[in-house]
Amino acid sequence: MHTKLIMEHQKTQSIISELKKEIKQSLERPLFEYFKEDPKRVETMSVSAPYIFADFSKNLLSSKTFKKLCQIPLALQIEEKIKNMFGGGNVNTTEIRPALHTLLRKIETPTSPSLANKHALCMKTLQQMESITREIHEGKRKTAFGERITDVVSIGIGGSHLGSKLILDALRKKTSQVNIHFLENADQNEIARVLHVLEPRNTLFLVASKSFSTGETLLNAIEAKKWLSQSRPCPEELNKSFIGITNNSSAANAFGISAENILPLWDWVGGRFSVWSAIGLPIALGQGMTTFYDFLAGAREMDDHFQNSTVNSNLPIILALLSFWNHNCLEAESYAVVPYCDNLRFFPSYLQQLEMESNGKSITLDGNEVSYNTAPTTWGGVGTASQHAFFQLIHQGTRMIPVDFILPLQTGSFNQELEHYRVANCLAQSETLMLGNKEKNTKPEKRLAGSRPSTTLMLENLSPRALGALLSLYEHKTETLGFLWNINSFDQWGVENGKKAATRIMQGLNSKDYSGHDQSTSSLMRKYVETMANDEKE
């Protein structure tokens with residue numbers, strides 16, 4: 001394995017060496033000139049995938065350079081790596097396990113016995129989700145108080161939270177009588193805000209935690225139980241007001257959730273890839289199980305595109321190559337994601353976790369430190385509001401910041417003037433980033449350099465299938481970048497170490513023992529405890 005990886009790395013470096021001349025030209029040459037010399041540039045540098053059309057012609061590279069970039073996945077045998085991932089290979093090398101989130105949305109039973117067994121578990125869980133959704137919608141499932149469920153609070157954080165929140169907000173049109181709420185931070189202010197408008201007698205809590213040991217989630221679940229217990233009379237079986245979604249059923253049992261109220265989440269599904277599992281139950285409860293199945297179907301169509309398309313027409317691979325080009329060749333440090341639709345306002349936050357938690361790594365698969373940059377900083381916001389916030393930096397700042405524009409064409413709005421305004425502003429930003437503003441009579445402070453790269457992704461609509469395809473697209477882009485960088489996209493040891501450190505500090509705060517920490521942390525711990533003590537005296 002070690003020898004093979006070294007050979008692959010050398011092949012990549014050879015191609016990058018050939019690209020060095022193009023890198024220099026790309027940074028010095030106005031982007032619009034590429035369009036002048038290549039009348040078919042847009043045709044060559046755009047691609048259609050399920051529900052999505054992507055125009056990447058406004059990136060800083062010639063069509064010739066793009067063809068050379070497409071040699072990198074071939075040199076690294078990306079197709080074999082993709083096949084290995086879909087086939088259940090242990091691509092999560094540090095935890096010796098597969099990453100089979102794609103199996104969650106597969107219909108056909110796999111031929112491999114191991115995958116077939118796992119697929120059967122997926123199908124069984126979907127049936128459980130369907131049964132729970134139907135019972136709640138029909139009023140047959142009651143809370144611990146014997147009342148109909150009108151509100152569901154999903155308690156989770158990160159991957160157990162962001163996907164469902166994004167999709168429910170994107171769909172918006174209410175199709176059930178159940179209201180979905182999200183509780184993420186272990187913060188009294190957020191807990192009070194969420195619970196303030198709810199009635200204990202009609203509220204069901206979903207506790208979503210793969211390990212059932214995530215600090216924020218457990219603390220919020222305990223607060224939820226306290227909140228229910230304050231009702232008079234308080235039922236003995238509070239369990240009926242909770243559903244657990246976890247890979248640690250014994251811990252959920254210990255918390256007080258009975259086996260029939262626990263849905264599984266397996267160790268071969270990473271948290272940030274888990275919205276397709278029982279973690280997506282809020283989507284089913286808020287929008288119906290048919291919507292959830294359509295959501296899976298859209299992702300599955302993108303899976304098929306990713307597995308079966310050639311490199312130069314494979315949208316996930318193309319997005320990964322563009323990121324590789326912008327960040328490893330042109331040395332951009334970050335990129336912005338700007339959806340021109342309020343329904344996708346949580347999409348940048350979703351991508352922040354997906355991309356930076358997956359690829360924020362500095363160790364290769366063979367245990368060596370990388371000699372190149374990996375994940376760029378992912379950030380962004382909604383257009384057109386972003387134009388009045390950070391777009392000044394993108395247009396005239398000293399850093400090159402590539403942009404992904406996400407543009408749904410049909411949003412359900414019937415106000416044509418507002419829709420035209422939304423679309424016009426999106427297209428105007430990408431055009432201005434490319435062309436700039438350098439007329440002779442323009443004052444220096446008003447000049448825009450132009451040649452700022454961007455990619456525009458047009459979604460047909462905001463249907464569940466289109467949204468499933470969008471999330472699947474960026475999952476596969478992220479995985480491909482991991483393959484290109486020779487890193488493990490499926491672990492997150494930095495996060496795990498942070499959790500352990502927080503546990504130690506929590507113990508120190510409770511015991512007033514500040515030893516075992518650096519001087520700064522010990523001082524801050526003492527400052528906090530002393531301030532709290534003074535507040536109690538007052």
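Student: Let's start with F306: is it buried or exposed?

Tutor: F306 is buried, with a relative accessible area of 1%. Buried means under 20% relative accessible area, exposed is over 50%, and partly exposed lies in between (1.4 Å probe, protein chains only). F86 counts as buried too, because its relative accessible area is 15%. One heads-up: this is a predicted model, where local features need pLDDT of at least 70 and side-chain atom pairs count only at pLDDT 80 or more, while totals for chains, interfaces and linings use all residues. Residues are numbered from 1 along each chain as its sequence is written, and side-chain values use heavy atoms, with hydrogens and water left out.

Student: How do I read a pair of aromatic rings?

Tutor: You describe it by the distance of the centres and the angle of the planes. Rings of Phe, Tyr and Trp (its six-membered ring) pair if their centres lie within 6.5 Å; planes under 30 degrees apart are stacked, over 60 edge-to-face, and the rest tilted. That rule gives 16 aromatic pairs here. F86 and F306 make a tilted one, 6.3 Å centre to centre with 50 degrees between the planes. F86 belongs to helix 6 (residues 78-86) and F306 to helix 13 (residues 289-308), so this pair links distant parts of the chain, 220 residues apart. Helices (H or I, at least four residues) and strands (E, at least two) are DSSP runs, numbered from the N terminus.

Student: Which ring pair has 45 degrees between its planes?

Tutor: That's F292 and F295, also tilted, at 6.2 Å centre to centre. They're about one helical turn apart, because 3 residues separate them in helix 13.

Student: And how do I read a strand?

Tutor: In a regular strand the side chains alternate between the two faces of the sheet. Take strand 6 (residues 242-246): F242, G244 and T246 on one side and I243 and I245 on the other are all buried.

Student: How many bridges join strand 5 to strand 6?

Tutor: There are 4 bridges between strand 5 (residues 203-208) and strand 6, and the two run parallel. Strands pair if DSSP finds at least two bridges between them. A208 has I245 of strand 6 as its bridge partner. From strand 5 the chain crosses through helix 10 (residues 215-229) to strand 6, a right-handed β-α-β crossover. Right-handed means that, with the strands pointing away from the viewer, the path from the first strand over the helix to the second runs clockwise.
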